Amino acid sequence: MPKIAVYPGSFDPITIGHMDIIKRVSHIFDQVIVLVANSSDKKYLFTAEERADIVRKAMNQMDVKNSEVCIHDGLTTEFMKSRKAQVIVRGLRAVADFEYEGTLANMNYRIAPEIETFMIFSRPEYYFISSRGVKELARNGGDVTGLIPDFLGPALIKKLAD
Ligand code: ADP
């Protein structure tokens, strides 16, 4: 049976930190599905379709072959069952991530014990990068070069100005 990993997140927008996780995970599993969350509780800058298109474009640039991008608005575990995926991938940066990710992993274990959560540590050079930080920086005229895929810079600035 192919080993399928699902990497769920907001990706609002994708950063170089996310891209590094996708690349590393794609070498470990047969298939990686990047799952763009579309939660009605959250307010996003980009629509789910826009976020998914950006992720797709970024993955094409990275030349990650065994991957796909989906949009989902319910429980990650339900999506995973429908695709026979066994592993949830999440990234870890700071201590604050640890607390949040630990809770999430155990909640998912409670509802789907057959699914395992894999935590991957951020590389030190990406440790400080977050979608929220990138948006904050761009909103205030800061340079986001090297934090997000190059093609995304102008689109992000335009979106923030709308
Ligand atoms: P969510 O709203 O689900 O937290 P995000 O898009 O912010 O969605 O993050 C998705 C996952 O990627 C989370 O596990 C987060 O900790 C991880 N992540 C975000 N940025 C980085 C980074 N720079 N390095 C490693 N992991 C990261």
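Modeller: The largest pocket holds about 1,300 Å³ of space. A pocket is an open set of points on a 1 Å grid over the protein atoms alone, where a 1.4 Å probe fits, with protein on both sides within 12 Å along at least five of seven lines. Volume is the space filled by probe spheres set on the points, joined across faces, edges and corners. The model is predicted: local features need pLDDT of at least 70, side-chain atom pairs 80 or more, while totals for chains, interfaces and linings use all residues. Residues are numbered from 1 along each chain, and side-chain values use heavy atoms, without hydrogens or water.

Colleague: Which residues lie nearest the centre of the largest pocket?

Modeller: Lining residues have an atom within 4 Å of a point. Here there are 46, with Gly9, Ser10, Lys42, Arg90 and Tyr100 nearest the centre.

Colleague: Which element gives the largest share of the lining?

Modeller: Helices (H or I, at least four residues) and strands (E, at least two) are DSSP runs, numbered from the N terminus. H4 gives the largest share, eight residues. Strand S1 (4–9) and helix H1 (16–26) are among the elements giving two or more.

Colleague: In what order do the strands of the sheet run?

Modeller: Strands pair if DSSP finds at least two bridges between them. Five form an open, parallel sheet, ordered S3-S2-S1-S4-S5. S3 (67–72) and S5 are the edges, each pairing on one side only. Six bridges join S4 to S5. Arg90 has Met119 in S5 as its bridge partner.
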